[in-house]
Every structure is written in C-alpha cells, then in structure tokens.
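The following note sets out points on a pocket and on a group of paired strands. Please read it alongside the coordinates.

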Amino acid sequence: MSQQLIEIRKKINDYSKLKYPTKQGILFKKSRYLKEWRNRFFVIEEDILYYFDIEKGNNNNNNNNNNNNNKPIGTPLGIFNLLNCSFTLITNEKRSPLVFKIQEENGANKDYKNCLISCESAEEFNQWFQLLPQIKQTMDRKKGLVIKLQALSRKKLQQKKYQQLKESALTIQRFYHLYEGERKLARFIFNVIKVQSYARCFIDRMRYKKVREEIMIIQSHFQVIKAKNRLEKEFMRRRIAQELLSTEKSYVYNLKLIIDIFIRPLINFNSIEQRVLSVSEISGVFGNWERLYKINSDLLVLIQCKLDNWSIDQTIGDLFIENTDSLFEYTPYVTNYDHSRKLLAKLTSGNTNFRNFLDAAQRDKRSKYLDISSFLIQPIQRLPRYELLLRDLLKSTSTQHKDFKYLSKGIVKIKEITMYVNDQQKERENLSQVIQIQKELIMDNIKLSFSSATRLIREGEIKVSKKKTWNYMYLFNSQLVIIQKKDDKKLVKEVIQLEQLGIRDDNNSSSNTITNDSANDLLNNSSNNLLLLSSTSSPDLSSSGGGGGGGGGANAINTSSQALPIGTISNKFKLIISSKTEISLYFDTPEEKNNWFADIAITLNRLETQKKNFEKSINLQTIN
C-alpha cells in the first residue's frame, strides 16, 4: 500500500467526504492477483480516480439499479492520479469486448500500476473511456490557464508599481515647487493657532466660572432635597411614634375599662352576697388582666416621656430593649385565652345573672357598646402590634441614626417574647391533648393517669407480634402506651417506660435507613441493628450476644445478624424491655416504621441528655 493511499484514507474515511464528484458509478475491475472480476464503485473528483468496495449481496446486472441500490462502503480501496495515467482499449479479453486498461507511471522509478476496467453497457463504456483522457487534457488546460493568469497578474502588478512610482515622483515635484508657499502658510497657520489658543483659554475660563456657579446652585438644591428627605423621615418617625403612643393609650384605657366595668363590679357583687360569678370563674375568664394593666401602664409612662422630650436624635428602640422583660407575663393570659373563651361562652349561655350583667356593661358609654370578647382579644393582638410598629419605625430611620441599632435589637427582643409566648401556648394545647387522651385510656374499667407524660410526640396504628388485628400506640415524652380500641373504648394493653426501653431494627438493608434528619444525626455512628438504651434503669443485657454498655452512659448492644430470625421485613422493629422480653412492632409501610423508629430514638436521646444535665447541675451544686 503506497504512502499516498494511506494519507488519503486518513482524510477520506467515507464516500460522503467526496463533496464534488465529476462522475461516479459501478464498474467491474479485474483483481490484480486472483484475476477475478469484481464490482467496484468508481468516483472521479478533480484529477483523482477513487474506487470503493460496495455492500455485499446487492450485486445486480442492471447497472442503473446498481447506481440506485448499491452503496460504497469503507475507505478507498485504491486511487489513480489521472494526470500520470494512460488509457488503452483491450480487445482480447474473454469476459467482454468492453474493457479498457488504466496504467499509471509512478515517478522516476518507472514503476507501473495498472488495472482492467469493464462496463456492462456500451453507452456507459463510451462515457467512461472518453471522459478519463479528457480529465488529463482538462487539467493540463487548467494549468496552462493558471500560468497565463499568473503572468497577467504579475504584469498588472508591475504596471501598478510603475504608476505608483510615477505618481510619487510627481508628488515630490509638486512639494518642491510649493515648499516656499507652504512654509509661509505654515507660519501663518501657527500664528492663527496661537491666537485661537488664547481665545479658547479665555472662553474656557468664562465657561468654568459659569459651570462652577451652576454646580453650586445644584449642590444647594441637593442639600435642600436631602434636608427635605431628612425632615420627611423625621416627620414619619414622629408620626409612627405618636401612633405607638396613641395605640398604647387606647390599649391601657381598654385594660382599665375592663377592670372598672367588669372585674371590680363582679368582685364587689361577691362581697355583698349578690354573687354573679365565683372568684375562680372571674380568674378563669380574665386571667392576670390587672397585672397586664400594671405592665402596660408603666410602659405607657416611658413612651409618653420619650414623646414629651422628642428631638431629632430621640430614641425609642432602647425602651423596648431595657423595659420589656415584663411582657413575658403575657404568657399566662395567652395560654389561658382558649379556656377563657370557652368558659365565657359557657357562662353566657348558662348563667342568666352574668348574661344580664354583660348586657348592662355593654350599654355603658365608656365601652363604646362593644361586647366583652372585643376587649379580651386585645392582649393577644398587642405583642405582634409592637413588632409591626417598630418595623415601620425602623424603615423611616436612617442607618446613621443611633436609634437604628436600638430599633433592630428591640424588634429582635419583641419577636423573642412573641415566639416564647406562642411556644408556651402550643405546649399548653399539647398538654391538654395529653390529658384528654389519658382520660380516655382505661384498664379493667379503671381510668389511668400518667403524671410523667406531658407531651404527645406521635400516635398511630401498629400490629404487635404479627397479630391479625391492628392496635394503636401513643408515644409520650416518657413512655409508650399500646392500646386496643373496642366499642369506642381504649383498652390499655401495655405501658412501657422509656427509661427501661431499647429499640432494634433487624433489617440491614441500606434502602430502609431512617429518613428523619435528626435521627440520622443521632444515629450516624450506629448501624441499623444497634440497640439503644437509656442508662437510668437499664437492665443487664450482656447475655444478648452484643456486649453491654458501660455503667453510667447510654448502653448500646450490637446484635449479630446471624441471631435474627429468617424472613425479617423492612416494616418492623423490636422494643427491648429486658434481656428476655422483646416486642415486635409491625407497621403498614416502611416509611411509617422509619418515622416511628426515628421519633423513639430521638426521645430516648433527649431523656439521656436531660439526665446528664441534671447530674452535672447536681455536681456543680455539690462543689459550690
């Protein structure tokens, strides 16, 4: 294989690389060594004749069909440089009279490369046999034309250079003749430029003065606008501060109004034996109302003092940083509000004297004919109102104003108080839910109460040890309660203290890992088959096969998977109560099982943390 063919095969690895073929078609080529005639796809592009192999199994005697159906494949099998080729008609070939020979001379070595080509039809034979020699003639004519064009181009280039030299000589002559005049003109232009520079300097000085005056005017306008903006912001600050004062006055007035119209008359009725409500009922409806009145009265005095001494540098935020700790006392009222509202509805419908008392109080002009519910809701709305007013005040305060930092901290302080009050309210609601559940739980027709369970964490249906019927389980902060619902009753089947509890997931599949992020943080150093125990009253589990934990810390027993029963599934885990007592819990889905497992693990960890903190505080007290 020649080096030229190798290079061409690198460039043309497919027939489609030949973009502008002069002629192409399927011809018969006689093999050089086997002397067999084979179909080959010939293509002429410029002065090169390529021939390709064609797809096997598609040979057809009809050459037109071959052109339509047979496709060349692969790289060129060979090439001929038509400029070095001669073409000879062959008449003594047995296969067909339509045969010609292509012979290519390879350089000075006088090596010859030749092959025999045959066609099916005389028309196609004539086309190829006439076209191939014409290619050489066409390329020779093309080369001759290129040589002539190059000669003409060189001649035109020489003429152009001659013309440029001639024009340059004429230009030099004109410059020589006009040099004296141009020198005088240059001297005149220099003088004119000098005069123009003096004139421009004068004009620039005049413009500078004018621009400076305009800049001073603009600066004065900006200062006026800036001062106006400061005044507008200060006016807005003053207006918001006055709104804070006016709303505080209105709020304190309403607090005192409730005391004067409702609380004190109801207490006085008790003293003269004309009781409308008992003391406990008054306290249940109004809570620590008088304490709220005292807190906000003191706050009103401070706000009034700020407004009486108002100046552009006056601050409001420091007042809410230093004097709002007492607002934490809103917590009892907010947490009692739901009970107060229900008690008020009950007393209004069942106590005629109290209903008549409310009607009379509503007709009092001081109450503006509002019912008592409109007043009882106001302490609930007051804390968020403080935050909104302070935020509005912060928007109207410049960042350079010293009150900006105070207002930012004051907003954070009020928000912390509001969040604390809301959290306490949620805890109260959760505790009420726990108490209601505890009232419903019975064992042997005796109602039970779990004093240590103060918060419900999760509840849902479960199956215990593959029983057919579904049970129900509650997870409290200190214990697990498994019940069975029967005839609208909740029969307690098992009460498990978390201090004596461990959990184990027998499923080792990585696809059933706990999805709760907190549980992942808690159990990130343990596999799914770890047993987690609280240390407060942990039993001796050294016989379980995993190795018990140390004395004071949380115990973790790593159970071997070989001890697990065959056929464990991904929707169950075990409660370990002692070394001999285990309860298998089954859930409807693996996700539900993972959530239960995570919540129990987090609760156990929380109990352990509380115990450690308690022991640490005891040790510190002992040291002190």
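1. Strand 1 (23–30), strand 2 (37–45), strand 4 (72–81) and strand 7 (111–118) each contribute at least two residues to the lining of the largest pocket. Strand 4 supplies the most, with four residues. Strands here are DSSP runs (E, at least two residues) numbered from the N terminus.

2. The model is predicted: local features need pLDDT of at least 70 and side-chain atom pairs pLDDT 80 or more, while totals for chains, interfaces and linings use all residues. Residues are numbered from 1 along each chain as its sequence is written, and side-chain values use heavy atoms, without hydrogens and water.

3. The largest pocket holds about 510 Å³ of space. Among its 20 lining residues, Lys29, Arg32, Tyr33, Tyr51 and Leu77 are the closest to its centre. A pocket is an open set of points on a 1 Å grid over the protein atoms alone where a 1.4 Å probe fits, with protein on both sides within 12 Å along at least five of seven lines; lining residues have an atom within 4 Å of a point. The volume is the space filled by probe spheres set on the points, which are joined across faces, edges and corners.

4. Strand 17 (residues 572–576) is largely enclosed by the rest of the structure, because five of its five residues are buried (under 20% relative accessible area, 1.4 Å probe, protein chains only).

5. Strand 17 pairs in the antiparallel sense with strand 14 (residues 502–504) over three bridges, and Leu575 is the bridge partner of Ile503. Pairing requires at least two DSSP bridges between two strands.

6. Strand 17 also pairs in the antiparallel sense with strand 18 (residues 582–586), over five bridges; the two form a hairpin with five residues between them.

Key: Buried < 20%, exposed > 50% of the residue type's maximum accessible area, 1.4 Å probe, protein only.
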